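Colleague: Could you take a close look at one part of this model for me? I'd like to hear how that stretch sits and what surrounds it.

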Amino acid sequence: MFYVKETINDAVEVKVEINDENVFCHCPRCGKEVHVDINEFMGDEDFDLYATSLYCDDCGRKVRCDK
Ligand SMILES: [Zn+2]
C-alpha cells in the first residue's frame, strides 16, 4: 500500500492511504475537481505526477467536439 504523509506540526502527522477512490486533480480548463483512478497511470511512461491533469466530463466533451 502507498500512502501520503504530511506533518501538520511537531505533534501531528497524517498518513492517508492512496487508493482508487481518493486521488483527484483539478480540470485544467474549468478547475473542477476530477477523480483520478491512479491505477490507470501505473506503468505509463508518459505519466508526469506534476504535469499530468485530466479534464472533467464536461470539458472533455467540449474539447473533443472542438476538434
Ligand atoms: Zn472542466
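Predicted model: local features only at pLDDT ≥ 70, side-chain atom pairs only at ≥ 80, totals over all residues.

Modeller: E2 is hardly covered: among its five residues, the count of buried ones is zero, where buried takes 20 or more other C-beta atoms within 10 Å of a residue's own, exposed means 12 or fewer, partly exposed is in between, and the C-beta atoms are placed from the backbone. Residue numbers start from 1 along each chain as its sequence is written.

Now for valine 14, which sits in strand E2 (residues 13-17). Valine 14 counts as exposed because it has 10 C-beta neighbours inside 10 Å. Setting aside neighbours within four places in sequence, valine 14 is in contact with Glu6 and Ile8; contact means that the C-beta atoms, placed from the backbone, lie within 7 Å. Tyrosine 3 is 11 residues from valine 14 in sequence, and their C-alpha atoms are 9.8 Å apart.

Then there's the partner strand. E1 (residues 3-7) runs antiparallel to E2, with five bridges joining the two; DSSP has to find at least two bridges for strands to pair. Tyrosine 3 has glutamate 17 as its bridge partner in E2, while valine 4 stands opposite valine 16. A hairpin of five residues connects E1 to E2. E1 has zero buried residues out of five, so it lies largely in the open.

Technical notes
Helix = DSSP H or I, 4+ residues; strand = E, 2+ residues; numbered from the N terminus. Contact = placed C-beta atoms within 7 Å.
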